[in-house]
Amino acid sequence: MSLIAALRSDFDHGWETDIEVLVFLYWLAHAASYRVESTVHDFVHRISRAVICILKRVITFPTPDDLEEVGAGFAKLAGSPAFCTVAGAIDGCHIRIEAPASDAPCYFNRKLFHSVQLQAITDHKGKFIDIFVGYPGSVRDARVLKNSPVYTGRLYPPAGKCILGDGGYPCLSAPICLITPYREPVQNPVQACFNAKHARARNVVERAFGMLKTRWRSIFFKALEVSPAFVPEVFACCAVLHNLCLQNGDIVDAEVVEDPADDPPEPQNTEASTGEDVRDNLAAAVSAPDKCVPALHEHDYL
């Protein structure tokens, strides 16, 4: 009903839009082939275009007033107040497709199936605040990021904030601040503590993908029988519906399966600045005691 209300216009009359939305949702839930039914094909494409038209109203960056709540949420997830400067978590997800008639090797990923990539940034509640979908599966996460609008346009996070990513991304302070964990094996307990807190906070984006896959199992767990050109639109619609579900309290429990195989690091971009100093400062803040050690009060200091 929330989706129907969002899509309804003053020119809609009767039940036509409602029925088309229901057919569209049924198709997403079952990923049934519509090749033999032109009416279903028309409904699916018409409603998907309508959903894309409301995408920027549903998937948006937090306002300056909301950033404090987002930071507090990530600090709670991490179990450390040092993470209050975090404004999001980023990750990528492979979407299965049938082998395209042309350029099939470009879509064949390291997991040994054909796919299109979905890059997403979530807030502390698992709500999508930015998505970028469409790159072939063979492209590494770091390359997808560097070609995405959020990176090239320096759109997010704002100054003084950072987003968290896994080891498949570069650790950056510019053009955007993206903090990754220390590579294993870590060098000391400070790095080990930071990595543990980082993983707890960043896990929210994995849970968001898990909810997507649980809600739209037929879409994510079998090759989608549509043109590769239509795949980005389908999954953009899934992301919009995910946010609408969260806004309406429709939460699903999802098993989170993390991908342990990070992409190998790419050569450093000369136009980017590493975020190692930012990460070291954050790691030091994580390991700093919350309260003054009592023993420090037992001596006089000059």
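Is Cys84 buried, partly exposed or exposed?

Reply: This is a predicted model, in which local features need pLDDT of at least 70 and side-chain atom pairs count only at pLDDT 80 or more, while totals for chains, interfaces and linings use all residues. Residues are numbered from 1 along each chain as its sequence is written, and side-chain values use heavy atoms, with hydrogens and water left out.

Cys84 has a relative accessible area of 39% and is therefore partly exposed, a class that lies between buried, under 20% relative accessible area, and exposed, over 50% (1.4 Å probe, protein chains only). Cys84 takes part in no disulfide, since the nearest cysteine sulfur, that of Cys162, is 9.4 Å away, whereas a disulfide is a pair of cysteine sulfur atoms within 2.5 Å. By this rule the count comes to 0 disulfides, and Cys53 is likewise in none, with the sulfur of Cys237 as its nearest at 9.9 Å.

Thr85 belongs to the loop between helix H5 (64-78) and strand E1 (86-96), where helices (H or I, at least four residues) and strands (E, at least two) are DSSP runs numbered from the N terminus. Because its relative accessibility is 28%, Thr85 also counts as partly exposed. Leaving aside residues up to four places away in sequence, Thr85 touches Gly160, Lys161 and Cys162, where contact means heavy atoms within 4.5 Å. Thr85 and Ile163 are 78 residues apart in sequence, and their C-alpha atoms are 8.6 Å apart in space.
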